[in-house]
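User: I am new to this structure and would like to learn how to read it. Can we go through it feature by feature?

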Amino acid sequence: MEPRFASKPSWLKVRAPGGQRYTELKAVFRKLNLHTVCEEARCPNVGECWGEGTATVMLLGDTCTRGCRFCAVTTGNPRGAVDVREPEHVARALSQMPLKYVVMTMVDRDDLLDGGASHVARTVRRLRDLRPEMRIETLLGDFGGHLDAVDTTADAGPDVWAHNIEVVRRLQRTIRDARCSYEQSLKVLERAKRRAARGTITKSSIMVGVGETDDEVVEAMGDLRDVGVDVLTLGQYLRPTPKHAPVARYVEPLVFDQFANEGKAMGFAFVAAGPLVRSSYKAAEVFLSSRSRETSHVFSSPPERLLPPAALIRR
C-alpha cells in the first residue's frame with residue numbers, strides 16, 4: 001500500500017494549469033457563480049479541457065447522500081433542499097460561455113423522490129433551448145436503481161448519458177457506498193441505452209490501482225460492453241486524503257495501452273485509457289471520435305498534449 005507521503009511516479013506529474021483561455025474561463029465561472037468539478041476535484045486535466053472548450057459543472061448542491069471511499073465530496077443529508085432556480089441559472093450561465101461541450105454531473109440525492117432526475121432533465125432541456133449547438137453530456141448517479149428516473153434523464157436528450165461503474169465487481173463493497181452495486185450500475189446503463197434517442201452515446205468509467213487485478217478490469221470492461229456501453233474511460237485512482245482508500249498500485253502507461261487494445265477488440269466505439277484520464281477527459285474529442293465511426297473507419301491520432309502517453313483508441 002502507498003505510504004502517506006510517498007512520491008508519485010513521473011508519469012503522474014503534469015504542469016499547473018494556465019494560459020489565456022483557462023484564465024478567461026475561470027474568471028467567467030466566478031462571475032456567473034458556477035462551480036466546476038474540474039476545480040473542486042483538482043482534476044489534473046483542467047487546463048487541457050478548458051483550453052479545448054470543455055468543462056464539467058455540478059448540479060443539486062455540494063452534499064452527497066452517499067459516502068464512497070474514493071470520493072472527497074462532502075457526505076451528508078441535504079434534507080430535500082433543492083434550488084429550484086438552478087436549472088434556469090445554470091443554463092443561462094453556460095449559454096453565455098465560450099464552451100462547445102459541457103458535462104453536467106450531480107451528487108447522489110437519495111433524499112429526493114426521483115433522485116434529482118427531473119432537476120437534471122430541466123437543466124438539459126433549457127440549455128438545449130438556449131444553445132442548441134452545444135454538446136451536452138450528463139454524468140449521473142444510479143438513482144437507487146429506479147429506472148423511471150433513468151428514463152426522465154434519457155428523455156431530456158443529452159448527447160452522452162454517462163454513469164460510472166467506478167471499480168471492478170469484487171471491490172464494490174470495499175470502495176463504493178453500500179447503496180451502490182455493480183449489478184445496479186449495469187442495469188441503469190443498459191436502460192439508458194435502450195431508452196435514449198438513437199445516436200445517444202452511453203459511457204462509463206473504471207478506476208484502477210485500488211486492489212484489482214488486470215483480469216478483473218478486463219472482465220468489467222466486457223460486462224459494460226455487454227449492456228451496450230459505447231465509450232469507456234480508465235484512469236489511475238489517486239487518494240484525495242489520508243481518510244480515503246489507499247492506493248494499492250500505480251498502473252504503468254503500458255498496461256493502460258493494453259486495456260485500450262482489449263476495449264478496441266471488444267467493440268467499444270472509443271476507449272480513453274491512461275494514468276491521468278478521468279471520466280470527463282477530453283470529452284468533446286471522445287464524443288466526436290465516437291460519432292465519426294458511423295462515417296469513417298480511419299483512425300486519426302489525437303492532437304499532441306501535455307499529459308504522459310495514454311491510449312485513445314476508437315474502433
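User: Which residues point one way from β4, and which the other way?

Analyst: This is a predicted model. Tyr101, Val103 and Thr105 of β4 point one way, while Val102, Met104 and Met106 point the other way. Residues on both sides are buried.

User: Why is β4 largely enclosed by the rest of the structure?

Analyst: The cut-off for buried is under 20% relative accessible area. Strand β4 covers residues 101–106, and six of the six are buried, so β4 is largely enclosed by the rest of the structure.

User: Which strands pair with β4, and in what sense?

Analyst: Strand β1 (residues 54–59) pairs with β4 in the parallel sense, over six bridges. Threonine 56 stands opposite valine 103 in that pairing. Strand β5 (residues 135–139) also pairs with β4 in the parallel sense, over five bridges.

User: What unit do β4, α5 and β5 make?

Analyst: The three elements form a β-α-β unit, and its hand is right-handed.

User: How do I read the packing of two helices?

Analyst: Two packed helices are described by the angle between their axes and the distance between those axes. For α5 and α6, the axes come within 8 Å and cross at roughly 5°. Angles under 35 degrees count as roughly parallel, and α5 and α6 are therefore roughly parallel to each other.

User: Which residues make the contact between α5 and α6?

Analyst: From α5 the contact uses Ala117, Ser118, Val120, Ala121 and Arg125. From α6 it uses Ala149, Thr152, Thr153 and Asp155. Sorted by class, the contact has four nonpolar, three polar and two charged residues.

User: Where is alanine 121, and what does it touch?

Analyst: Alanine 121 lies in helix α5. Its relative accessibility is 2%, so alanine 121 counts as buried. Leaving aside residues up to four places away in sequence, alanine 121 touches Thr152 and Ala156. Sequence separation and spatial distance can be read side by side for alanine 121 and proline 158: they are 37 residues apart in sequence and 8.9 Å apart in space, C-alpha to C-alpha.

User: Which residues of α6 are buried, and what do they pack against?

Analyst: An α-helix has 3.6 residues a turn, so residues three or four places apart point the same way. In helix α6 (residues 147–155), the buried residues are Ala149, Val150, Asp151, Thr153 and Ala154. They pack against α5 (117–130), β6 (160–162) and α8 (182–195). Glycine 157 follows α6 and has a positive phi, near 85°.

User: Which residues other than glycine have a positive phi?

Analyst: Phenylalanine 143 is one of them, with phi near 55°. The loop between β5 and α6 holds phenylalanine 143. Its relative accessibility is 6%, so phenylalanine 143 counts as buried. Glutamate 166 is another case, with a positive phi of about 75°. Glutamate 166 sits in the loop between β6 and α7 (172–175). At 15% relative accessibility, glutamate 166 also counts as buried.

User: How many residues of helix α4 are buried, and which ones?

Analyst: Helix α4 covers residues 86–95, and seven of the ten are buried, so α4 is largely enclosed by the rest of the structure. The buried residues are Glu86, Pro87, Val90, Ala91, Ala93, Leu94 and Ser95. Their packing partners are β1, β4 and α5.

User: Are the faces of β7 covered or open?

Analyst: Both faces are covered. Ile201, Lys203, Ser205 and Met207 are on one side, with Thr202, Ser204, Ile206 and Val208 on the other. For strand β7 (residues 201–208), that makes eight of its eight residues buried.

User: Which strands are joined to β7 by bridges?

Analyst: β6 runs parallel to β7 and is joined to it by three bridges. In that pair, valine 160 stands opposite isoleucine 201. Strand β8 (residues 231–236) pairs with β7 in the parallel sense over six bridges. Methionine 207 has glycine 235 of β8 as its bridge partner. Together with helix α9 (residues 214–226), β7 and β8 make a right-handed β-α-β unit.

Notes
Residues are numbered from 1 along each chain as its sequence is written. This is a predicted model: local features need pLDDT of at least 70, side-chain atom pairs count only at pLDDT 80 or more; totals for chains, interfaces and linings use all residues. Side-chain values use heavy atoms; hydrogens and water are left out. Buried means under 20% relative accessible area, exposed over 50%, partly exposed in between (1.4 Å probe, protein chains only). Helices (H or I, at least four residues) and strands (E, at least two) are DSSP runs, numbered from the N terminus. Contact means heavy atoms within 4.5 Å. Axes are lines fitted to C-alpha atoms, for helices over the stretch in contact, and angles run from 0 to 180 degrees between N-to-C directions. Angles under 35 degrees count as roughly parallel, over 145 as roughly antiparallel, 65 to 115 as roughly perpendicular and the rest as oblique. Ala, Val, Leu, Ile, Met, Phe, Trp, Tyr, Cys and Pro count as nonpolar, Asp, Glu, Lys and Arg as charged, and the others, Gly among them, as polar. Two strands pair if DSSP finds at least two bridges between them. A crossover is right-handed if, with the strands pointing away from the viewer, the path from the first strand over the helix to the second runs clockwise.
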